Amino acid sequence: MDHDKLNDFLGRFTADFGATGSAGLAVIGNRLGLYRALAEGPATSEQFAQRTGYAERYLREWLRNQAAGGYVDYEPATREFFLTEEQEFCLADPDGPNLSAAFLISLGYLRAEPKITEAFRTGTGLAWHEHDEDVHVGCDAFFRPGYVAELVPNWIPALDGVDAKLTAGGRIADVGCGLGTSSVLMAQAYPNSAIVGSDYHAESIELARKKAAEAGVGDRVRFEVATAQTFTGEHYDLVTTFDALHDMGDPVGAARRVREALTDDGTWLLVEPNASDVVEENFNPVGRLYYAGSTFLCVPNGLAQPGGYALGAQAGEAAIRDVATEAGFTRFRRAAESPFNIVYEIRP
Ligand SMILES: C[S@@+](CC[C@H](N)C(=O)[O-])C[C@H]1O[C@@H](n2cnc3c(N)ncnc32)[C@H](O)[C@@H]1O
C-alpha cells in the first residue's frame, strides 16, 4: 500500500464526512437567518446569542463548525466570529447567491434514501412530487444564482434574433418551470412579452404564482399545471426548458410538443446541466454533485414516468441532440455555457 495515497484518500474522506453534517448546519443557518445576523458585525457567541435571541450553547457549536469549514472567520484575540466580504456576498447578501439554501436540496433528497436504496433492488422510480418540499425549494435556490447571472445578460442574447422579438413583445412558454424563477426573470426583462410557465407539479406552480405576484409581474406571467408533453398554447416565439428535460420519462414527447407549439421561426432555449459526452470528463466536483442529485432525483423521476427514458443529469450533448432530432427539429447549436449549465438553441 502507498501510504501517501492512503493519507490523501483519508483526507478526502474526512473533508466529505465533515461536509455532510455541515450541510445540515448551513441549512439551520439559512432557516434561522444566522448568516444575515452575523453580517451585522463581528460577535462572540454570547453577543451573537443576544443579537439573535437563540440559545448560546447551540450557536457556539454552530459558529465553531462554520469557522472550521471556512464559512465564517474568527479573530482569536477578541473571540469574535465574523464574515469576510466574500462570505457575506455568498451567504448573507439578500441580492447574492444565498448558497446555504442550496443545501436544502441535498438534505431534502437524502430523506428519500431508504426508498432509493429499495429502488436499486426493484428498478422502480420515485417521482419529483414524492420528495420532501425541501427538494423543490432547494432546487430553485441552487439554480437561481446561475439564472440571475446568465439568462437575461448572456443566454437570451446568444440566441439568433430572440432578444429583439421579446423586446418588441413575444410569446414565451417556460416548460418544467418549477418555482418559476426563470419565468419571473424573463417577465421582468421583457415587459412587452407574455409568458406561460408550466410544470406537472402542482405545489411548485402554487409557489411560482406567489413569487410572480411578489415580484409584481403577475399580470404578464400565467402559470398552469401541465406536463411538458401536454402544456397549452400555440405560436410561441420562444419555448424555454431549464434543467428539466433530462428528468422526464418521455423527453421526445416533450420535444415534439415544443416543436408543435413553436412558430416555424421560433426557438427552443434548452438549458441542461453541464456535462461531457466522455464520461470520465465528468469525474470532477460538478459532475460529482450532479451524479448524486441524478441518482436521488433525475433518474428515479424519469423511471416513474411513462416513456422509457431516464437520461439523468449528466446526459451530455449527444443524447440531448438525439432527442431533439427525433422530435423533428433540424437546427441544434450549443449557444452558451456556464460551469453548471449548457445552453442549446434548437429550432424547427
Ligand atoms: C430540476 S427541476 C428544475 C425546475 C426549474 N426549471 C428550475 O430550473 O429551477 C425539474 C422540474 O421538472 C419538472 N418535471 C419533471 N417531469 C416533468 C414533466 N413530464 N412535465 C413537466 N414538468 C416536469 C419537475 O416538476 C421539476 O419542477
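The model is predicted, so local features need pLDDT of at least 70 and side-chain atom pairs count only at pLDDT 80 or more, while totals for chains, interfaces and linings use all residues. Residues are numbered from 1 along each chain as its sequence is written, and side-chain values use heavy atoms, with hydrogens and water left out.

The ligand site comes first. The shell around the ligand holds 20 residues. Tyr147, Gly176, Asp199, Ala228 and Phe242 come nearest. By type, the shell divides into ten nonpolar, seven polar and three charged residues. Here Ala, Val, Leu, Ile, Met, Phe, Trp, Tyr, Cys and Pro count as nonpolar, Asp, Glu, Lys and Arg as charged, and the others, Gly among them, as polar.

The side chain of Asp199 places an N or O atom 2.6 Å from an oxygen atom of the ligand. Phe242 takes part through its backbone: a polar atom there is 2.8 Å from a ligand nitrogen. Gln305 has a polar side-chain atom 2.9 Å from a nitrogen atom of the ligand. The ligand on its own has 590 Å² of accessible area, and the protein covers 96% of it. Accessible areas come from the Shrake-Rupley method with a 1.4 Å probe; for residues, only the protein chains shown count as cover.

Salt bridges are the next topic. A salt bridge is a side-chain nitrogen of Lys or Arg within 4 Å of a carboxyl oxygen of Asp or Glu. The whole structure contains 20 of them. One of these salt bridges joins Arg347 and Asp265, at 3.0 Å from N to O. This pair links distant parts of the chain. Arg347 is in strand β9 (residues 341–347), Asp265 is in strand β7 (residues 262–273), and the two are 82 residues apart. Strands (E, at least two residues) and helices (H or I, at least four) are DSSP runs, numbered from the N terminus. Arg347 is buried, because its relative accessible area is 6%. Asp265 has 45% and is therefore partly exposed. Buried means under 20% relative accessible area, exposed over 50%, and partly exposed in between (1.4 Å probe, protein chains only).

Glu317 has two arginine partners. With Arg321, the closest N and O atoms are 3.4 Å apart. Arg321 and Glu317 are separated by about one helical turn, because they are four residues apart in helix α14. With Arg334, the N to O distance is 2.8 Å. Glu317 is buried at 15% relative accessible area. Arg321 is partly exposed at 36%, and Arg334 is partly exposed at 34%. Elsewhere, Arg31, Arg111, Asp132 and Asp134 are linked in a network of salt bridges.

The surface also carries a nonpolar patch. Phe9, Leu10, Phe13 and Phe17 form it, with about 460 Å² of accessible area together. Patches are made of residues with over 30% relative accessible area and no salt bridge: like charges are joined within 9 Å, nonpolar side chains (Val, Leu, Ile, Met, Phe, Trp, Tyr) within 5 Å. Leu10 lies in helix α1 (residues 3–32). Its relative accessibility is 41%, so Leu10 counts as partly exposed.

Most residues other than glycine have a negative phi. Arg79 is not a glycine, yet its phi is positive, at about 60°. Arg79 sits in the loop between β1 (73–75) and β2 (80–82). Asp243 also has a positive phi, of about 50°, without being a glycine. The loop that holds Asp243 runs between β6 (236–242) and α12 (251–261). Arg79 is partly exposed at 44% relative accessibility, whereas Asp243 is buried at 8%.

Gln314 is buried, because its relative accessible area is 9%. A polar atom of its side chain lies 3.3 Å from the backbone oxygen of Asn274.

Notes. A residue is near a molecule or strand if one of its heavy atoms lies within 4 Å of it. A polar contact is a pair of N or O atoms within 3.5 Å; within protein, one must be able to donate a hydrogen and the other to accept it, and residues adjacent in sequence count only if both atoms are side-chain atoms.
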